[in-house]
Amino acid sequence: MIGLILYFVLGVALIGTVSSAVFLGLAVLGVIRFRADARKQVRSVTDDGHLPPVSVLKPVHGLEARLKENIESFFRQDYPDYEILFAADEADDAALDVVREVCARYPYIRSRVLVTGAPWPNPVVHAFHCMAEAAAHDILVTTDSDVEVDPHYLREIVPPLLDPQVGMVTCVYRGKNAAGFFSGLTAIGMSVEMTAGVLVANLLEGMKFGLGPTTVVRKDSLASIGGYTALRDYIAYDFAIGNLMARKGYQVVLSGHVIDHVVNQPSFRRMWQNQLRWAQTTRYSRPKGHFGSGLIFAMPYGLLGFFAAGFLRHWGAGALLLTVAVLNRLTEAWLVGWLVVRDPQIRRAPWLYPLRDLLGSLVWFASYLTLRYVWRDSRFELKGTRIALRQTSSDSR
């Protein structure tokens, strides 16, 4: 019986090794397409006279890591005409002091601060709704507060929207570690694992979703899906907005521009909680894709194969499976993490990605152990892809 179990485990390891190798092959093709598209986009960047004015919408909440540097990077854009709108749930949010300080240093860049409250289940979407209503321009650049960009950001992400068939532009991102080892594991996962998944999705079916750190829309394309009101109770609003755009017949473009997503998770507990929340969000938003992602990891199958083959007295075969898994992840890290997003961590510590791959598989497994997803506080839970008031809540309003 033990022998049969070991052969079964070895079979699972072989299947996982093959599936992760297939995914790596798709990622290679995805990288080739991304780099080709990025070169075309750079060549199509127009001169200042044809660049439309844009409104940058940035919600803030609390004193996040590198908040001042993140905000200031948006005031240093090499772009002829833009404004920046900030929004917070409450007037006494500590982030607003930082926002006003940075705004005062750049008086020649139009900026506004809004206090929006949080009447919708997803407060970030409500903030975007309020800022979009107040925005002076037709092109809206939505971006998270934990994002840092270079001076060419707006100049490179806006031009695709000059095509009326394009309804939205979104960007991949590299993780920027701001808090040590555990934070670095999340950051390298963003740079490689997340980006590889996006590139493969773009290769196989085109972009039908957005990525939260940056989405760019026109007001007319946004209105066609019902505006931000249509997204008020989605947990993964970035996925939903791109998905609704694609259903309306608009093209969603993956920009060749790469931005920095600052990661501040100083402890294992905080890292685990954040990654588990993201995995659960994906599980509910894209259930089939999330389930299939269990086959793209390499390290867990390499370790299973190593121990199963070893206990069957085939240590050489086990070592081969583990070696293949490690090489698979190192190759993916270099192809995606360096050739695409240029994450310097890949060059300094490439061994982190095999470790992150193993951690990612544990997070994926744990995402199926929690039956109820609680959002913000005990009053809300996730039902399908939407945030809903819990039936057991005493607050029915």
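Predicted model: local features only at pLDDT ≥ 70, side-chain atom pairs only at ≥ 80, totals over all residues.
The largest nonpolar core holds 102 residues. Within this core, Phe75, Leu154, Tyr228 and Ile241 touch the most other members. Helix α6, spanning residues 181–205, supplies the largest share, with 10 residues. A separate core of six residues lies apart from the largest one and includes Ala308, Ala309, Leu312 and Leu321. In soluble globular proteins, nonpolar side chains tend to be buried together.

When neighbours within four places in sequence are set aside, Leu154 is in contact with Val54, Val56, Gln77, Tyr79, Tyr82, Val141 and Pro159.

Helix α8, which covers residues 237–247, is mostly covered, as nine of its 11 residues are buried. The buried positions are Tyr237, Asp238, Phe239, Ala240, Ile241, Gly242, Asn243, Leu244 and Met245. Ile241 of this helix is also one of the residues that touch the most other members of the largest core. The packing partners of the buried α8 residues are the helices α4 (123–134), α7 (219–224) and α9 (268–285), together with the strands β6 (166–177), β7 (214–218) and β8 (251–263). After α8 comes Gly249, with a positive phi near 95 degrees.

The model contains zero disulfides. For Cys103, the nearest cysteine sulfur belongs to Cys130 and is 18 Å away; a disulfide would require the two sulfur atoms to be within 2.5 Å, so Cys103 is in none. Cys103 is buried, at a relative accessible area of 11%. Cys171 is likewise buried, with a relative accessibility of 0%.

Key. Residues numbered from 1 in each chain as written. Heavy atoms only, no water. Core = buried A, V, L, I, M, F, W, Y, C linked by side-chain atoms within 4.5 Å. Buried < 20%, exposed > 50% of the residue type's maximum accessible area, 1.4 Å probe, protein only. Helix = DSSP H or I, 4+ residues; strand = E, 2+ residues; numbered from the N terminus. Contact = heavy atoms within 4.5 Å.
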